[in-house]
Structure formats: structure tokens, C-alpha cells
Amino acid sequence: MKGILGFIVHEILSQPAIIAGLIAFIGLALLKKPIRTILSGTLKTIIGFLILGVGADVIVQSLNPLGTILHQGFGVKGLIPNNEAIVGVAVKTLGQQTAIIMSLGFVFNLLFARFTPFKYVFLTGHHTFFMACLLSAVLTATDIQGAPAILIGSVILGFLMVALPALAQPFVRRITGDDSLAIGHFGTFGYISAGFVGKWLGNPEKTTEEIKLPQGLSFLRDTTVSTALTMVVLYVIVTLAAGPAAAASVAKDQNYVMFAIMKGLLFAAGLYVILAGVRMMLAEIVPAFQGIAEKLVPEAKPALDCPVMFNFAPTAVILGFLASFLGGLIGLGILSVIGLPVIIPGLVPHFFTGATAGVFGNATGGRRGAFFGALVNGLLISFLPALLVPILGDLGFENTTFGDTDFSVVGIILGYILRLF
């Protein structure tokens, strides 16, 4: 018996991919799905987790040289905030704990939705996974591990999954015109800030939807293309500015400009692989919990991913993205001067959170609200990740960090509270 328990604990439960597969198996079985569906869902979840790990290796191969070039060429430490990238790296050491926190977090979400006034079921699976990873990382950094970390992390995660949609709901009602859905995306503090800024500085009557923008900007909606272009340009500019000598240690015999181009493309490829793995894994887990939620919490509102807001103000989406990215560039300049870790703005967080912030700002303040609200979001996702770095730095995530506002706000507050005790 002891040998069997040891095998289960050390061989099965130590494999994050297997844990995720078991979660999907249990959820699908409780929904009384056919055997073929249960088997397919379980295997796809496991394979998706493994694909995520492959993408993580590619991301690491891309990020490490950039950090070296920045350090040797300028003496600065630049970080690229990207949730997928840092989670892909973190699950290598925190995967087991993260998977359990994520699973129990879903359960606590349903309990909070059932027994509190916050009737929201958080259905954005990949962000649940990211927040579980953030909580696991912060708890581990403050020497809380094992069962206490799992319990604390799961309760906090479940509470965040109902509390943050509730905070954003007044603005969502203004955007959608009804109360049928909520936003389930951990950029909430940025969206709320954009809503308040729009209210203070703008005029909701002068909406962005009266502005006509070129259709040529629509290519920015493709995450893979925009990421590839951004990273190639970023790598080339940084490498050229740093000079051949700084790049020589990582480029070896390859031309340093071509090396920069390929590493930028490699980052986009790794991100694509991670996204594919996350999608495959969560496509099986989320429907299982969604079905359970519908049975247990019939009055709950679905909290959905941020793109659900895009159709309500498409022009605000583009304006918000551009304004947020401008805020990131301003933040980059300020951070370089004041001595905090330099946060390099990337199109992925600035597009999704900036676009959504633009929609929120437009709802309360029209064009000016969309622009200045998203600009504030861009500044927030520059400065907040810089303040989060010291809390996560001991775990070795030197070249990347979490991008969206809620991860930084939760990580900073939780980290300092735990360190007090």
C-alpha cells in the first residue's frame, strides 16, 4: 500500500499534465458525457499541457539572448510582460501546485457565486490558469508551500473570480446596455481606471464610433502577426543600438542582425505554441466546469473574456490599443530614468487590455475617454509589473513577468501582506 501511495504521489501527482487530465476526466464524468468524449477530453487536456511546455522552451530560447544583449549593451534589465511566456516558464517548477490551485479555484468560484451576492461564474479558463500561477509563485516566494499554499491560493482565486467581475459590472452595463453578461479578464483594475478617467475627462456623447479609421490597421488583431512584427523590430533595434560586441556572445558566428530577426520570430512561434497548448487543454476543462456551474448556480452571470466587449465599440478598440501602447512607451522612458526594472511594451498585453480599456473609457467619456483611459492603462501595465518584479525575482523570472493589471495588483498586495507575517 505504501508503495502504491508513493507511486501516486511522486509519479502521477507530480506530473502537472496528468493532474490537468484528471480534472477534465472528473468534470466530464460528472456531466455524464459519453465514454468517447471523456477519453478524448482527458487526452487532449494532457497533450495540451505538454504542448504548453514545448512552447515554454522556445520562449526561453528567445528571451534569454535579449536579456543578455540588454544587460551587456546598456547595463539595463529589460522585461517583456507576457502572461503566456511567464506561465510557460513557471509551470516547469510550479506546475503541480498551479494545477491544483486552478482546479479548486473553480470550485470556490462556484461556492462564492452560490452563497454570496456576487453571482458570477468566471469562464475565461486561461486567465484562471494564469492567476493560479501568479498566486502559486507569490506564495512560494514567501515560503508558503504545500497544503497551506494550495488552500490559500484556491480561496483567493475563487474570490477574485467573483469579486473582480462585480467591480467592473457597472461599466459593463453601460457598455452593453443590459446586465446579461460580465467581463472575466484579469485586467479589471485597468478597465475600471479607464472608465473613471473617461468619466472625469471626456464626454460620452462624442463616441469613438463616429470616427473612421483605415482598414489597414485591422491586421493588428492577429496576435501572431502583431507579436512577430513587434518582437522582430524590438530585437533588431535593441541589437543595433547595443552594437555587435554586445550581441557577439549570444549570436556566435551568425550575423547579429539576422540573429535578432530569427529570435524575434522564434518568440512569436513559441507564443503561438503556448497559446495552442493552453487552448487545447482548457477547451476540455472549461466546458466541464461550465456545465456544472449551470446546474449549481442558475442565477449566475457568465464572466467572459475581454474580446466580448470589442463589438460594442470597434473603433475604440483600435484607438485604445494605440493609446495604451503610447502609454507603454512613456512608461518605458520614465522607468529608464527612475531606476526601476525596465518594462518593454509588447503588442499582446497592450492590444487586449488597451483595446478593452478603450471600450470602457468610450462608454463613460467618448473619444477623449477612450484615448486617456487607455493611456492610463498603458502606464499601469508598465509601472505595476515593474513593482511586481522584486516579489517574483527570486524565482528566476528575470526576462519576463505578468502583463495585465490584476496580476500585478494582487501579487504586490498579497506579497507584502504575507511578508509582514
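1. A salt bridge is taken here as a side-chain nitrogen of Lys or Arg within 4 Å of a carboxyl oxygen of Asp or Glu. On that criterion, a search of the whole structure finds two salt bridges. The model is a predicted one, in which local features need pLDDT of at least 70 and side-chain atom pairs count only at pLDDT 80 or more, while totals for chains, interfaces and linings use all residues. Residues are numbered from 1 along each chain as its sequence is written, and side-chain values use heavy atoms, with hydrogens and water left out.

2. Asp179 pairs with Arg173, their closest N and O atoms being 3.3 Å apart. Arg173 has a relative accessible area of 37% and is therefore partly exposed, and Asp179, at 32%, also counts as partly exposed (buried means under 20% relative accessible area, exposed over 50%, and partly exposed in between, with a 1.4 Å probe and protein chains only).

3. Asp179 also forms a salt bridge with Lys301, with the closest N and O atoms 3.5 Å apart. Because Asp179 lies in the loop between α6 (146-176) and β3, whereas Lys301 lies in strand β4, this pair ties together parts that are 122 residues apart in sequence. Through shared partners, the salt bridges join Arg173, Asp179 and Lys301 into one network. Helices (H or I, at least four residues) and strands (E, at least two) are DSSP runs, numbered from the N terminus.

4. Three strands form an open sheet with parallel pairing, in the order β2-β4-β3, where two strands pair if DSSP finds at least two bridges between them. β2 (120-122) and β3 (182-183) are the edge strands, each with a single partner strand, so one side of each has no neighbour in the sheet. β2 and β4 (residues 301-304) are paired over three bridges, and Tyr120 stands opposite Lys301.

5. The largest nonpolar core has 81 residues, of which Val87, Phe129, Met131, Leu134, Phe186 and Phe402 touch the most other members. Helix α10 (residues 256-296) gives the most to this core, with 11 residues. Such a core is a set of buried Ala, Val, Leu, Ile, Met, Phe, Trp, Tyr and Cys residues joined through side-chain atoms within 4.5 Å.

6. Which residues does Met131 touch, not counting those up to four places away in sequence? They are Leu157, Leu160, Phe186, Asp406, Phe407 and Val410, with contact meaning heavy atoms within 4.5 Å. Apart from this core lies another, of 25 residues, among them Ala313, Val359, Phe360 and Ala363.
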